[in-house]
Amino acid sequence: MSDAIFNVYSRYYDLLYRDKDYVAEAEYIAGLLERFGVSGKRLLEFGSGTGKHGRLLAKRGNQVTGIERSAEMVMQAEAAPGFSCKKGDICTVRLGQTFDAVLSLFHVVSYQTINDALQAVFARAAEHLEAGGLFVFDVWYSPAVYAQRPEVRVKRMADEAIEITRIAEPVLHPNENRVDVNYTIFARNMASGAVETMTETHPMRHFSLPELDLLAQMSGFTVVGTEEFLTGKKPSEETWGVCLVLRKR
């Protein structure tokens, strides 16, 4: 994943996803950890963004360490009791300690479009877990991508200072299990009326369950849970985001 990704996007990240139900997602993850028998409270989050999931999980009594590649997002990630965030690359990070679970949320694993990067993330997760620890992550699901096909979408969000209009234009690469999402972002200053225009491309990989099972086996994991993210439903062609729970052997 290019270092340039999120360099611009991160400035307006929290505003763009202000409608995202982080509270429900943190509760869902906490429930998953309990359901699959994680008794400890030490969590490592790969791709922690501005820290919203991490802070919410910390409020539930966990000790959460976030690793985030974007320096700008790390700067925006407020420290809180039980939560800290460090700049780092999840493909290479080695903290020299183990955790009860490794989390990677909001499709961070789908940003690993190169096989070497993908295998490295699984290896780093395994290295930071004792036997029996969990690796929990969500990804774009191939059957839904091919059945529904990504389409052009427009999103508008505003606060008292900025109005954001984001156009997402996807380009499918079926032979590579990848969708390049081309973003054009217009940010209008509410006071001056000045408009800033930005563009970024986010390559996103999607996965089938057999592919993920193979990756898990190669990395020393066993797949113990597979479900639609947040709802817990069985994955189907309607399931855009699938959640995997892997246990280290």
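Helices are DSSP runs of H or I, at least four residues long, numbered from the N terminus. Axes are lines fitted to C-alpha atoms over the stretch in contact, and angles run from 0 to 180 degrees between N-to-C directions.

This is a predicted model, where local features need pLDDT of at least 70, side-chain atom pairs count only at pLDDT 80 or more, and totals for chains, interfaces and linings use all residues. Residues are numbered from 1 along each chain as its sequence is written, and side-chain values use heavy atoms, without hydrogens and water.

**First stop: H5 and H7.** Select residues 115–127 (H5) and 209–218 (H7). They pack at about 55°, axes 10 Å apart. Five are nonpolar, one is polar and none is charged (nonpolar: Ala, Val, Leu, Ile, Met, Phe, Trp, Tyr, Cys, Pro; charged: Asp, Glu, Lys, Arg; polar: the others, Gly among them).

**Next: H2 and H3.** Select residues 22–35 (H2) and 52–59 (H3). Their packing angle is about 60°, with axes 9 Å apart. H2 and H3 are therefore oblique to each other. On H2, the contact uses Tyr-22, Val-23, Glu-25, Ala-26, Ile-29 and Ala-30; on H3, Lys-52, His-53, Leu-56 and Leu-57. Seven of these residues are nonpolar, one is polar and two are charged.

Methods
Helix = DSSP H or I, 4+ residues; strand = E, 2+ residues; numbered from the N terminus. Parallel < 35°, antiparallel > 145°, perpendicular 65-115°, else oblique. Contact = heavy atoms within 4.5 Å.
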